[in-house]
Amino acid sequence: MKNASLPLCGAFTVGEVDKRIFGSFIEHLGRAVYGGIFEPGHPQADEDGFRTDVLDAVRELGVPIVRYPGGNFVSGYNWEDGVGPVESRPKRLELAWGVTEPNTFGTNEFIKWCKKANSECMMAVNLGLRGADAARNLVEYCNHPSGSYYSDLRISHGARAPHNIKLWCLGNEMDGDWQIGHKTAYEYGRAAAEAAKVMRWVDPSIELVLCGSSNGHTKTFGDWETETLSLAYDKIDYVSLHQYYDNKTNDSASFLAKNMAMDDFIHTVISICDYMQGKLHSKKQINLSFDEWNVWYHSNNDPVERWSFAPHQLEDIYNFEDALLVGLMLISLLRRADRVKIACLAQLVNVIAPIMTENGGGLFYQTIFYPFMHMSKYGRGTVLQTPIACGRHDTKEFTDVPDLDGIAVRSADGEQLTVFAVNRDFTEDYALNIRLLDMEGFVPAEHIELAGFDLKQTNGFTSAPVRPQNAALPEMDGNTATARLRPLSWNVLRFVKRKDA
Ligand code: AHR
């Protein structure tokens with residue numbers, strides 16, 4: 001057994017967790033909408049055609065905000081196609097994913113679904129083939145109370161109260177040449193600034209996300225952020241980051257260190273935002289929206305029939321090591337909770353997702369469901385500085401990788417303290433000694449773990465073995481709690497304040 005120590009001090013904090021860091025994403029892609037959240041005629045569909053089994057699962061996962069409707073899809077989307085009487089909505093060739101879009105589900109249906117899912121909508125506008133005009137009309141349609149063309153149109157479509165959508169994405173991955181209407185940094189920066197200006201004139205209360213780079217390794221990364229920010233800095237609130245990791249080389253040690261690259265990516269984007277703030281002598285600080293993140297590679301070569309409707313697309317089946325990396329990525333997001341205010345696990349149902357459904361049938365929870373659910377449930381409050389001292393190792397791709405990674409969060413009412421930790425060591429148990437320096441009266445309440453599985457073990461419809469279990473509670477000695485972290489494990493160590501403390 002190896003030893004590690006973690007001194008925790010309530011006075012040394014990173015920042016408050018914005019609950020929107022536990023967001024997710026529904027795109028018109030594959031079976032995310034059709035056959036995922038929406039399946040009229042399914043035995044468990046409600047009066048709106050929403051699958052109630054999926055709604056239950058989403059509520060259990062705990063997703064306070066969902067980005068919609070894309071993704072690459074949004075850059076070719078006419079939002080007007082998805083509102084009004086369903087029978088008059090056009091069927092379109094959907095160019096981003098090569099399928100047919102029937103538009104039987106659109107903005108008003110999604111807002112209704114969000115309410116049932118205890119969630120809010122993060123709406124993306126099309127800055128690919130469209131621009132400021134369509135974007136400001138959509139804000140008017142969604143958020144203006146009444147008495148104008150688009151607000152009255154919404155009311156005529158049965159939505160009397162405004163949707164009051166607060167958070168808006170200015171397009172999607174506009175730096176990528178795969179994007180419909182792909183732009184240079186100058187073209188996009190200008191388009192985003194003009195769209196932002198008129199969208200905010202319609203509703204000054206909205207918040208806006210500028211597209212950053214599609215990942216941290218593009219040729220234009222850095223230059224893209226600098227130039228677009230120089231054109232739109234005063235008009236936007238957040239810059240987006242997207243990143244997916246894979247284990248195509250089947251090198252699990254390197255795979256489980258990939259959140260270190262995510263830490264660097266976040267750090268670099270924060271630095272660029274702050275550089276631009278200084279350069280522009282601005283009082284405004286730009287924060288981060290990590291609005292696409294996950295593991296994605298298992299389904300990359302799956303064939304899709306061209307112009308089909310809601311095919312099985314991007315249906316990655318996740319294994320145990322994917323769940324460990326998803327836990328580690330969540331740790332990285334919370335580690336910079338001072339600047340990462342929004343993050344979206346991409347995606348939510350069927351498409352690179354924690355929840356998988358069968359058309360007309362049941363559903364199962366993927367391995368990655370659990371770390372996300374744990375963090376969303378117990379990871380809200382104040383992030384504490386979490387300096388774990390432990391052994392280190394090298395992998396083929398990374399050097400000096402800490403065997404353990406973790407993050408501690410104290411709940412807003414001060415009554416709960418949770419340490420999330422991953423043991424990356426392949427063979428050794430770790431004894432993690434947590435010293436509660438200035439936090440009196442906490443006692444161990446629960447140790448939940450995901451451990452003991454083959455790294456390639458998956459879940460499915462007929463059997464879902466990868467699920468959390470309860471482990472032995474940490475032992476308390478004075479103000480030190482010692483927890484046993486098994487090799488290759490995800491751990492949730494919960495402490496609560498004693499009633500008399
Ligand atoms: O989430 C799947 C796709 O990945 C999104 O449509 C796009 O934004 C990204 O490249």
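Two strands pair if DSSP finds at least two bridges between them. Keep that in mind for the first stops, and note that the model on screen is predicted.

**Stop 1**

Select strand E3, residues 23-25, together with strand E4, residues 65-68. The two run parallel and are joined by two bridges. For one of the residue partners, pick Ser24 and look across to E4, where Val66 is its bridge partner.

**Stop 2: strand E12**

Select residues 340-345, which are strand E12. Is this strand mostly covered or mostly uncovered? Mostly covered: six of its six residues are buried.

E12 has a parallel partner in E3, and two bridges join them. Gly23 has Cys344 in E12 as its bridge partner. Strand E11, residues 287-295, also runs parallel to E12, with four bridges between the two. Here Ser289 has Ile342 in E12 as its bridge partner.

Move on to Gln347, in the loop between E12 and strand E13, residues 355-357. The peptide bond leading from Ala346 to Gln347 is cis, with omega near 5°. In general, most peptide bonds are trans. A cis bond is also found from Tyr68 to Pro69, again with omega near 5°. Pro69 belongs to the loop between E4 and strand E5, residues 92-94.

**Stop 3: helix H2**

Select residues 107-116, helix H2. Seven of its ten residues are buried. Which ones are they? They are Thr107, Asn108, Glu109, Phe110, Ile111, Trp113 and Cys114.

To see what covers these residues, show helix H1 (52-61), E4, strand E7 (120-125), helix H3 (132-143) and helix H4 (149-156), which are included in the cover. After H2 comes Asn118, with a positive phi near 55°.

**Stop 4**

Select Glu173, Trp178, Tyr244, Glu292 and Trp296, the residues nearest the centre of the largest pocket. The lining has 19 residues, and the volume of this pocket is about 280 Å³. By class, the lining residues are eight nonpolar, eight polar and three charged.

The second largest pocket has a volume of about 240 Å³. It is lined by 14 residues, and Asn108, Glu109, Lys112, His157 and Ala159 are the closest to its centre. This lining divides into five nonpolar, five polar and four charged residues.

**Stop 4: Ser213**

Select Ser213, in the loop between strand E9 (207-210) and helix H6 (223-232). Why does Ser213 count as buried? Because its relative accessible area is 1%, and buried means under 20%.

Leaving out neighbours within four places in sequence, the contacts of Ser213 include Asp175, Phe221, Trp224, Glu225 and His242.

**Stop 5: the open sheet**

Show strands E2-E15-E18-E19-E25-E21-E22, which in that order form an open sheet of seven strands with antiparallel pairing. At its edges are strand E2 (13-16) and strand E22 (469-470), each pairing on one side only.

Within this sheet, zoom in on strand E21 (residues 442-450) and strand E25 (residues 489-497), which run antiparallel and are joined by eight bridges. Opposite Glu449 you will find Asn491 in E25.

Helix H9, residues 320-335, lies across several strands, including E2, E21 and E25, and runs at about 50° to E18. Helix H10, residues 369-378, lies across E18, E19, E21 and E25, and runs at about 20° to E25.

**Stop 6: two loop residues**

Most residues other than glycine have a negative phi. Leu488 is not a glycine, yet has a positive phi of about 45°. Look for Leu488 in the loop between strand E24 (480-485) and E25. With a relative accessibility of 10%, Leu488 counts as buried.

Finish at Asn164, in the loop between H4 and strand E8 (167-170). Its phi is also positive, near 50°. Is Asn164 buried or exposed? Asn164 is exposed, because its relative accessible area is 52% and the cut-off for exposed is over 50%.

Key:
Residues numbered from 1 in each chain as written. Predicted model: local features only at pLDDT ≥ 70, side-chain atom pairs only at ≥ 80, totals over all residues. Heavy atoms only, no water. 1 Å grid on protein atoms, 1.4 Å probe; cavity = no way out; pocket = protein on both sides within 12 Å on 5 of 7 lines; lining within 4 Å. Points joined across faces, edges and corners; volume = space filled by probe spheres on them. Nonpolar A, V, L, I, M, F, W, Y, C, P; charged D, E, K, R; others polar. Buried < 20%, exposed > 50% of the residue type's maximum accessible area, 1.4 Å probe, protein only. Contact = heavy atoms within 4.5 Å. Axes fitted to C-alpha atoms, helices over the stretch in contact; angles between N-to-C directions.
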